[in-house]
Amino acid sequence: MTDELLEHIRKRPRMYVGSTEFWGFINYLVCAYRLLIQWGATRIELTQDTAFTLYSDATLPLDLDTNNPFESISTNFNHVDACILNALSKRLDIYNADGVAYAYELGKRVTSSSEHLASIGVTLHFIPDDDIFSVTDLQPAVVSSYLHRMSYLYPRIQFSVIADDYKSVYSRPGGIAEMFKGVSAPYQLLHEPIHVSGKDGDFEMELVFAFHSWSEEMTWTFANYGRAADGGTHDDGLRAALDDFASEVIGNDDRHNRPGYLAILSFQYPNVQFAGCIKSKIGNIELEAKTYNLVGKLLSSIDVVGLAHLKSMSRFQSADFW
């Protein structure tokens, strides 16, 4: 299976990363980050020149010899990130604190060592295959933009980028509540942001939102740590739940005249189904009800006394002064 799988990825890379151009190359690079995060990294540092090197404090799996994710997919590895990284790299080296554990060229193993089990500290050094990708280099600012966003979604991880004279470090222990502070800067908030989180079976979510003085109803949503740029069924459930809450605390049935809201939702759910080839919109039918019910349940426990000033409030007709 090993050779067949890797060869299939090399022959049909678009099936796995979407394209062999810019966005496909981004997906290829993200595979390395997802792998280290899965292995428990709390620090990931990227250095970039002609190759990419990711230093981390992740831990190599104990069963890497018997279920090597760089060579095959097993029940212990439910994605193909490692295989994609290996198959689409001209050279891939996997280090631990003691040296090279494995090395590959064009997906073929050329070096291996058995002195790596349970080693803390994993380094991935890889050179993308320019026979596959038309783009094999990225400006540090492009990678930094991705890591800036990820630092809010993974508040336990510190991300950094070092390239020539460029260095950026991102650590956001406040998570999406800290993201909300930045996103809400253009708005005039009308109360302290509401922050709730909860779980219902295999659906887990975290929500931060606030009403503001204008009519716009803006939601930013993340599914399994990825941006759902065009919303989807979960967004429909979120908006319905927030509309019910607005009717309760504001009491103005005219949605065009009452204050709007800004919300950030991050949720985890297995088997998320994306609609469309660019995977920007979620299509799981059941997520509308799951989101609506859980958000409604969490908001029902909110003490609305501190929101009394919103009762029957209309949005500002002119906001230049505030």
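## Close-up views of a predicted model

Aromatic pairs in this model number 19, counting rings of Phe, Tyr and Trp (its six-membered ring) whose centres lie within 6.5 Å. The model is predicted, with local features needing pLDDT of at least 70 and side-chain atom pairs counting only at pLDDT 80 or more, while totals for chains, interfaces and linings use all residues. Residues are numbered from 1 along each chain as its sequence is written, and side-chain values use heavy atoms, with hydrogens and water left out.

**View A. Tyr102 and Tyr104 form a stacked pair.** Their ring centres are 6.3 Å apart and their planes meet at 15 degrees. Planes under 30 degrees apart count as stacked, over 60 as edge-to-face and the rest as tilted. Both Tyr102 and Tyr104 are buried. Buried means under 20% relative accessible area, exposed over 50%, partly exposed in between (1.4 Å probe, protein chains only).

**View B. Tyr187 and Trp214 form a tilted pair.** The centres lie 6.5 Å apart, with 50 degrees between the planes. Tyr187 sits in the loop between α6 and β9 (194-200), and Trp214 in the loop between β10 (203-211) and β11, so the pair ties together parts 27 residues apart in sequence. Helices (H or I, at least four residues) and strands (E, at least two) are DSSP runs, numbered from the N terminus. Tyr187 is buried at 16% relative accessibility. Trp214 is partly exposed at 27%.

**View C. Five aromatic residues form one cluster.** The members are Phe25, Tyr28, Phe52, Phe126 and Phe133.

View D. Helix α5 spans residues 140-153 and helix α6 residues 175-183. Their axes are 6 Å apart, at an angle of about 125 degrees. Axes are lines fitted to C-alpha atoms over the stretch in contact, and angles run from 0 to 180 degrees between N-to-C directions. Arg149, Tyr152 and Leu153 of α5 meet Gly175, Ile176, Glu178 and Met179 of α6, where contact means heavy atoms within 4.5 Å.

**View E. Asp164 and Tyr225 have positive phi.** Most residues other than glycine have a negative phi. Asp164 has phi near 55 degrees. Its loop lies between β7 (158-163) and β8 (166-170). Asp164 is exposed, at 78% relative accessibility. Tyr225 has phi near 75 degrees. Tyr225 belongs to the loop between β11 (217-223) and β12 (226-227). Tyr225 is partly exposed, at 28%.
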